[in-house]
Amino acid sequence: MTAMIETRGLRRTFKSRKGEVEAVAGIDLSVDGGEIFGFLGPNGAGKTTTLRMLATLLAPTAGDAVVAGADLRRESAKVRERIGYVGQTGGADPQVSGRSELHLQCRLYGMNARQSRERADELILMLELESCADRRTDTYSGGQKRRLDIGIGLAHRPRLLFLDEPTTGLDPQARARMWTEVKRLGDDGTTIFLTTHYLEEADALCDRLAIIDHGRIVSAGTPDELKRLVAGDLVTLSVEGDQAAALDVLSGEAFVRESSAEDGLVRLYVDRGEEAMPPILRLLEPLGSSFGRSRSRSPAWTTCSCARPAIRCARRQRDMKLLRDIWLIFGRYFGIFLHNPAWVVIGVLQPALYLLLFAPLLKSVASVPGFPRGGPYNVFVPGLLVQLGMFGASGVG
Amino acid sequence: MERLRVTPVSRVGLLLGRALRDIVVRLIQAVILILVALPFGLNIDPEGVLVVLALVALIGLAIASIAYAAALWLRSEDSYAPLIFTATLPLLLLSGVLLPISLAPEWLRTIASSNPLAYAVDAARAVFNGQLDDGSVLKGVLIMSVLALISTFVAARQFGRAIA
């Protein structure tokens with residue numbers, strides 16, 4: 001079975017004033033179709049960066065990946081057609097209604113107006129957004145915004161859905177509803193890749209998860225395997241190889257209160273079990289400790305060969321799509337504008353006032369050289385029109 | 001806008017769609033302005049109106065593309081507005097919009113001659129003077145077309161390169 005996501009050596013470096021920061025330092029992972037896969041780690045571990053790379057929002061600085069059957073670097077447009085993405089911050093435009101956002105999303109993925117309308121109705125029902133669907137999204141509660149974001153991500157029924165910290169910032173009730181929703185999606189067969197820093201969430205939702213810290217996967221396995229090792233604040237590790245060395249490395253750490261080793265097991269008393277896991281595993285990595293195993297599989301690359309007629313046809317399809325996209329985007333933003341016609345008036349008001357106030361003044365002055373025709377208005381209006389062209393009233397420029 | 005970037009919508013389509021909206025808005029405003037000025041004695045032929053509207057559309061396209069490209073390049077909200085303002089103010093002053101450049105000293109006129117918008121203003125003034133076949137009209141339209149083309153091209157490349 002080909003994996004839904006397969007990465008090899010994925011890296012991302014950010015340049016800042018202080019130098020280079022390697023947010024993601026070589027990620028190898030494999031996610032199967034139909035499973036809910038979690039990325040667990042503290043804030044800053046590189047979870048969101050990895051997710052954004054896989055969702056084609058960020059270019060990797062190194063490494064390869066195949067997402068939903070398309071190469072991430074070379075076929076990113078195809079990847080975008082097949083995935084859904086729900087980011088940490090909402091993407092919905094604050095000035096439009098939820099229904100309108102869902103409708104636009106459907107149309108952007110190629111559905112016609114009728115299909116989009118029906119799909120939007122379907123999603124609104126499914127996500128219980130009937131009460132707010134026709135209001136502006138800036139009037140939504142946090143939970144409603146999140147549900148709308150999920151609707152937007154699911155509009156085109158993607159096989160793979162990316163969820164970035166789905167319940168961060170939600171109250172317990174909203175969080176429980178989100179968990180139910182995610183589990184239902186998983187049951188329906190959607191592959192889900194989510195990031196979280198809540199251990200309970202990874203435990204409740206994920207079929208498999210990978211723990212990430214400092215840009216590296218420290219370990220991967222099922223939630224049960226993880227739970228077996230963290231009982232209260234006692235962390236038990238089975239260490240293959242030199243237990244004494246493992247003990248040495250760990251007991252020196254500040255968060256380890258007490259440690260002991262016997263029968264191939266290393267026991268640690270730590271301040272907070274969940275938070276201790278990533279650093280522990282990272283410290284033990286060079287020593288070859290065992291806790292689950294990171295799966296590595298050689299990826300199957302697909303090669304694409306295009307016949308000549310196919311290229312020509314593809315080019316024309318691309319041009320049609322471009323025109324359609326321009327129309328859809330124009331429609332969206334012009335629609336917002338039509339709902340705020342005050343902008344039109346304000347934009348014209350300034351030059352109109354200038355005109356009405358100063359032109360009569362100039363009438364009394366001797367005629368401006370080089371303008372034989374018309375009164376002072378013929379002098380000012382062209383200039384004002386150019387100024388209008390430059391500034392308009394929409395806030396651009 | 002980020003959520004739109006994950007969709008298959010083409011980058012160029014995103015840029016041009018927004019730019020088109022800006023252009024249409026400005027055309028509506030231009031028409032209103034002309035209509036307001038007519039009863040006060042504005043004298044212009046219908047072909048002249050079309051040429052002027054075309055000019056406004058070209059200027060709008062050029063400026064919008066530059067603005068969106070700058071917004072992408074800068075990435076931060078705070079530095080965007082001051083930059084746009086400081087960049088466009090001298091352009092505006094040197095284009096002859098507020099006062100005819102013929103009244104300015106020699107050295108200022110030389111600087112203004114390198115400002116593409118100055119030609120647009122000359123063209124607009126010539127149109128309003130009824131001199132549609134005057135050389136400056138053609139020059140203005142041509143220069144603005146070239147500017148619009150270049151800035152749209154650059155902005156589209158910028159949009160396309162901004163992500164994977």
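How many bridges join strand β1 of chain A to strand β5 of chain A, and do these strands run parallel or antiparallel? The legends below describe a predicted model, and Figure 1 takes up this pair.

**Figure 1. Strands β1 and β5 of chain A are joined side by side by bridges.** Strand β1 covers residues 5–16 and strand β5 covers residues 62–67. Five bridges link the two strands, which run antiparallel. One of the residues to look for is A:R11, whose bridge partner in β5(A) is A:A62. In general, strands of a sheet pair through backbone hydrogen bonds, in either a parallel or an antiparallel sense.

**Figure 2. Strands β5 and β6 of chain A form a hairpin.** Strand β6 consists of residues 70–71 and pairs with β5(A) over two bridges, in the antiparallel sense. A:V67 has A:A70 of β6(A) opposite. Two residues lie between the strands, and A:A68 has a positive phi near 50 degrees in this hairpin.

**Figure 3. Six strands of chain A make an open sheet with mixed pairing.** Across the sheet, the strands follow the order β7-β8-β9-β4-β10-β11. Strands β7 (83–86) and β11 (216–221) of chain A are at the edges and have a single partner strand each, so one side of each lacks a neighbour in the sheet. On average, neighbouring strands are turned by 15 degrees against each other, with direction ignored. Within the sheet, β8 (residues 160–164) and β9 (residues 191–196) of chain A run parallel and are joined by five bridges. A:F162 has A:F193 in β9(A) as its bridge partner.

**Figure 4. Helices α1 and α5 of chain A lie across strands of the sheet.** Helix α1 (residues 47–54) lies across β4 (36–40), β8, β9 and β10 (208–213) of chain A. Its direction is at about 150 degrees to β9(A). Helix α5 (residues 142–154) lies across β7 and β8 of chain A and runs at about 165 degrees to β7(A).

**Figure 5. Helices α3 and α4 of chain A pack against each other.** Helix α3 spans residues 98–108 and helix α4 spans residues 113–126. Their axes are 8 Å apart, at an angle of about 130 degrees. The two helices are therefore oblique to each other, and their crossing is right-handed. Residues making the contact include A:L102 and A:C106 of α3(A) and A:A120, A:L123 and A:I124 of α4(A). The contact residues divide into five nonpolar, three polar and four charged.

Conventions. Residues are numbered from 1 along each chain as its sequence is written. Chains are lettered from A and ligands numbered from 1 in the order in which they are written. This is a predicted model: local features need pLDDT of at least 70, side-chain atom pairs count only at pLDDT 80 or more; totals for chains, interfaces and linings use all residues. Two strands pair if DSSP finds at least two bridges between them. Helices (H or I, at least four residues) and strands (E, at least two) are DSSP runs, numbered from the N terminus. Axes are lines fitted to C-alpha atoms, for helices over the stretch in contact, and angles run from 0 to 180 degrees between N-to-C directions. Two residues are in contact if their C-beta atoms, placed from the backbone, lie within 7 Å. Angles under 35 degrees count as roughly parallel, over 145 as roughly antiparallel, 65 to 115 as roughly perpendicular and the rest as oblique. A crossing is left-handed if the near helix is turned anticlockwise from the far one by less than a right angle, and right-handed if clockwise. Ala, Val, Leu, Ile, Met, Phe, Trp, Tyr, Cys and Pro count as nonpolar, Asp, Glu, Lys and Arg as charged, and the others, Gly among them, as polar.
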